[in-house]
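Subject: Structure handover

Hi,

Here is the structure I promised to pass on. Have it open while you read, and my notes follow below.

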Amino acid sequence: MISQWVDTVPKACAYITREVDGCPQLLVFHEAAVSGLQVPKGTIEHAESPYDAVLREVAEESGLTDFSAIRPLGADTWTREKADRLKHYRRYFFHLEVDEPRDAWEHTVTGRGEEVGDVYSYSWVPLPTDAAFRQNLDAQLSRLG
């Protein structure tokens, strides 16, 4: 039985795009242990703005720090059952544009979270995409325009 307690965790999520030959592409990574594509994302720390959090999380998870544009896309609440409680994630989505020449790379996660030391393998998918994303992370992709 699910208890009445509900946790809400604020998250910053990044849709990082580039254009190649006039075609937009989205940066994604895949972890072997879980199904579905992911985008850089993470918990917003105490007294940190969603904007600052998305920049920090992207640097920690991908190594990228130089963007030609950054804009908020919107927010949603995603809910899942975890152990004996519901857990809500208040997710703030941002669109970050980058001029990145690499088609693929690996990055070792830095920072202080539980993913520190994990290695993420990055690549690009063409937009629009019907690829399967983990945790409904594609929820705001249509807002990219």
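First, a term you'll need: helices (H or I, at least four residues) and strands (E, at least two) are DSSP runs, numbered from the N terminus. Keep in mind that this is a predicted model, where local features need pLDDT of at least 70 and side-chain atom pairs count only at pLDDT 80 or more, while totals for chains, interfaces and linings use all residues. Residues are numbered from 1 along each chain as its sequence is written, and side-chain values use heavy atoms, with hydrogens and water left out.

Let's start with arginine 56, which sits in helix α1. Arginine 56 and glutamate 60 are four residues apart in that helix, so about one helical turn separates them. They form a salt bridge (a side-chain nitrogen of Lys or Arg within 4 Å of a carboxyl oxygen of Asp or Glu), with their closest N and O atoms 3.3 Å apart. Both of these residues are buried; buried means under 20% relative accessible area, exposed over 50%, and partly exposed in between (1.4 Å probe, protein chains only).

Arginine 56 also meets glutamate 45 in a salt bridge, at 3.7 Å from N to O. That pair links distant parts of the chain, since glutamate 45 is in the loop between β3 (41-43) and α1, eleven residues from arginine 56. Glutamate 45 counts as partly exposed because its relative accessible area is 31%, whereas arginine 56 is at 17% and so counts as buried.

What else does glutamate 45 pair with? Arginine 112 forms a salt bridge with glutamate 45, and here the closest N and O atoms are 2.9 Å apart. Arginine 112 lies in the loop between β6 (104-108) and β7, so this pair ties together parts 67 residues apart in sequence. At 68% relative accessibility, arginine 112 is exposed.

Put together, salt bridges that share partners join Glu45, Glu48, Arg56, Glu57, Glu60 and Arg112 into one network. The whole structure has eight salt bridges.

Cheers
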